[in-house]
Amino acid sequence: MRARITFTKQGALRYTGHLDLHRLWERAMRRAQLPISYSQGFHPQPKISIAAALPLGFASLGEVLDVRLNEDIPTEEIASRLKDNLPPDIQVTKIESVDEREPALQTQVVSATYEVHLTEPVDGSELKRKVEELMMSESLPRERRGKFYDLRPLIEILSVVTEADGKVWLQMKLAARDSATGRPEEVLNALGIEPEYTRVERTSLIFQE
Amino acid sequence: MLTPEQIEAKLDRILLKVQKPGRYVGGELNSTIKDWDKAQTKVAFVFPDIYDIGVSNVGLKILYDQVNQRDDSLAERAYAPWTDMEALMREHEIPLYTLESKRPLACFDLIGFTLPYETLYTNTLNILDLSGIPVRSNERDETHPIIIAGGHAATNPEPMHAFIDAFAIGEGEEVIHDIIDTIQKFKSAPNFKRRDLLVALAQISGVYVPQFYETTYLEDGTVAYTEPTIPEAPKLVHKRIVAKLPPPPIKFIVPNIEVVHNRVSVEIMRGCTRGCRFCQAGMITRPVRERSVQEVVDAADEAIRSTGFEELALMSLSSSDYTYVSDLVDAISKRFEGRKLTVSLPSLRIESVSVDLMDKLKQHRSGGFTLAPEAASERMRRIINKFIPDEEIINTTRDIYSRGWTTIKLYFMIGHPSETIEDVQAIVDLCKRIIEEGRKVAGWKVKLNVGASTFVPKPQTPFQWVACDTRDNILEKQALLKRQLLKEKNIKLSWTKPEEALLEAWLSRGDRKLAEVIYSAWKNGAKFDAWEGDQKHEKWMAAFEEHGLEHTFYTYRQRRTDEVFPWEHITAALRKNFLFQDFRQSLEGQIRVDCRLNCFACGILPTFANLRRENPGEGWKCPDVKSPAPKIINIELPVVGD
């Protein structure tokens, strides 16, 4: 069967990278005695695929992975087996069975939403002005790892949220397609905010209809 | 002192600037987080090298579990931060903290360092400093934790005497409880005095408190004697052992990042009966005690289930000597059949039976087959008491190649006592012959990885009297190996820098005077001495010079037969005369057989006669103690009024 697991990644796990997360899930499923399918060949690989790599240091409320199992197991059963076999900073929020013939999980992601909290106080109206200015612009040429690209079309939503106590934080929805991925730290950079003074949390991944 | 919340907030600022930040955040499955306020005694265990190496250490895991099983105590862990992290921690004034609760080490009652090898000494000083704890014992007061250390390097604790409050000599499973009980008794008393506690610790069997001892030297700089300065401290500190191996750890920490060993390790046997004269571990971990096949297999199964690891290591100093090794391999193969699991069985004897064993474990042939002849000439192998005829080596390696392994790893040492250039030439000749014979059965693809490390004569071994081979000799011997082996297409050669062996020699063979050298070397910037690189040697040489000490005194000097060693007041229960007789026999090229066949009276039985008497039979591989237990006379007093 092909099972789709939605999970959180918080706390210490923010510092576990994409490849290590793969290995972590493989071990968790072995502990839970779930019969993972493996690829054929000299170095069999577990058939686990994670929807979209989460940058190191970010927390998440909605990571998604697909795993292929050699047996059909009720999703409640999978959940209960996994329950005590995950490190404390990962929690499963949803498990569903999906059609085996669906395209690869990674190709179905279109965008991702983020919340960015600021650890140093900022001037809310100044931030709002910068956000408006950025959203008004036609294009935002940027350079990343020696490649030039336009950040502007990758930003679908960017807004400042003001709490009752005057505290402000940012909400973003960025494109997360295969060759067109908006990175929250690039947006922060464009706003003149040091990523060092923020806490970023991915709140959801949005899939193709 | 910073709170856990303050430390976490500071960490979030810096962690993305360091390599592998996952080393510094904890949160692993199977780590134990207990209620801080409910624990009377808090213990921090430290492996003084990076997380990647330390997290899988079994010794520390045993102690971690021992302490966490107590209702009144908790144990947490810390490792040495890599240099990038250390620099940021110092810049942001973050003290070293434990991974479980993120509390500074200085908040704990007890800090326990494991010192499995000597090149961790400078890191130990650095960690104390990074924790804001005075590096020297005599500068600590009632507000500071008690600093203890144990592990094989504690066989000669003297070079570290100025920095460690108490050493646990020998096995730690029981003594850790005695130490915690004593700390609780003293710390809960009104008017707690650190010195009173240390005096009490010095009276625990197996505990050495160096500040209550003083060394007097002869004019030539060698030790005259080391004696206690208080009547409560014993003249001779005997190592502790456990009569029966306690159940092995099951719930290994599962790191959230890749580390060096992602595996379950189950100790099948402790101690070794082979008597290889160069091997400190084989000498100081006696007597041999084995676990049952059932216990090993059940523990391995449970540990694999609780970790999800892909690799199982069956640990001992000499797997082939485990009485039921064949049954064990059968039982393991059966239990784990069809599961994706790599099983390693290290330290196999060079004989065809070993190839059969590995065959049964269905090892990935790609991993290579490891053998450790240690020396290449039969003469040399007699001297070190690891005698194997050349033909046996050739037959075994041929067998390995013919059964499908393409790579064999061979471990040798150079610089053995009385070794000549011919003995080193023999390494080249043997390797070439192994390849040649291998080609006859398996063709041109056969490969040989040759490791040639440098021998360091260690305390409490029959070779404690001998000098280290000189740097020039070692360089010449290495040059010979490189000249003849590096051009061979199918042979890979690796070696250690002679400076590394010298450092190991100073630190393991040194006396109390070395403490100042260690301190200065650390001040000069020496740390991570087990790692290659960055001009460490110069820092150490400068430290020797600063204190007017001749480093060759500790390395190139043959010790007098009547010399009093710096470690003379610490014993692994081996009689000096037993070691000396064995040394004499080595000079005559005489071998000693496995002591399961013939007891050579090493000293274990007289020291632990009572333990052996209470635990007769199979459990130990020593003869039973038949003599009656000393009588305890009870005098019955008449009861008044009866």
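Me: Before we get to strand partners, what counts as two strands pairing here?
Reply: Two strands pair if DSSP finds at least two bridges between them, and this is a predicted model, so local features need pLDDT of at least 70.

Me: OK, then which residue is the bridge partner of B:Val264 in β13(B)?
Reply: The bridge partner of B:Val264 is B:Leu312, and the two strands concerned, β10(B) and β13 (residues 311-315) of chain B, pair in the parallel sense over four bridges.

Me: What's the strand order in that sheet?
Reply: The sheet is an open one of three strands in chain B, with the order β10-β13-β14 and parallel pairing.

Me: And which strands stand at the edges?
Reply: Those are β10 (264-267) and β14 (342-344) of chain B; each has a single partner strand, so one side of each is left without a neighbour in the sheet. On average, and with direction ignored, neighbouring strands of this sheet are turned by 20° against each other.

Me: Which helix packs on the sheet?
Reply: Helix α9 (residues 293-307) of chain B does, touching both β10 and β13 of chain B, and its direction makes about 160° with that of β10(B).

Me: Which residues of α1(A) are buried, then?
Reply: The buried residues of α1(A) include A:Leu21, A:Leu24, A:Trp25 and A:Ala28, and among them are also the arginines A:Arg27, A:Arg30 and A:Arg31.

Me: How far does that helix reach?
Reply: Helix α1 of chain A (residues 18-31) has 14 residues and reaches 20 Å from its first C-alpha to its last, which is close to the 20 Å expected at 1.5 Å a residue. A:Gln33 follows α1(A), with a positive phi near 55°.

Me: Back to the two chains, how many residues are in contact?
Reply: For chain A it is 18 residues, in contact with 18 residues of chain B. The side of chain A that touches chain B has eight nonpolar, three polar and seven charged residues.

Me: Switching to domains, what does the assignment give for chain B?
Reply: It gives domain 1 (4-224) and domain 2 (263-363 + 575-642), and the C-alpha centres of these two domains of chain B lie 29 Å apart.

Me: How many residues does the contact take from each?
Reply: The contact takes five residues from domain 1 of chain B and eight residues from domain 2 of chain B. On the domain 1 side, the classes are one nonpolar, four polar and no charged residues.

Key. Residues are numbered from 1 along each chain as its sequence is written. Chains are lettered from A and ligands numbered from 1 in the order in which they are written. This is a predicted model: local features need pLDDT of at least 70, side-chain atom pairs count only at pLDDT 80 or more; totals for chains, interfaces and linings use all residues. Two residues are in contact if their C-beta atoms, placed from the backbone, lie within 7 Å. Ala, Val, Leu, Ile, Met, Phe, Trp, Tyr, Cys and Pro count as nonpolar, Asp, Glu, Lys and Arg as charged, and the others, Gly among them, as polar. Axes are lines fitted to C-alpha atoms, for helices over the stretch in contact, and angles run from 0 to 180 degrees between N-to-C directions. The expected span of a helix is 1.5 Å times one less than its number of residues. A residue is buried if 20 or more other C-beta atoms lie within 10 Å of its own, exposed if 12 or fewer, and partly exposed in between; C-beta atoms are placed from the backbone. Domain bounds come from an automatic or database domain assignment.
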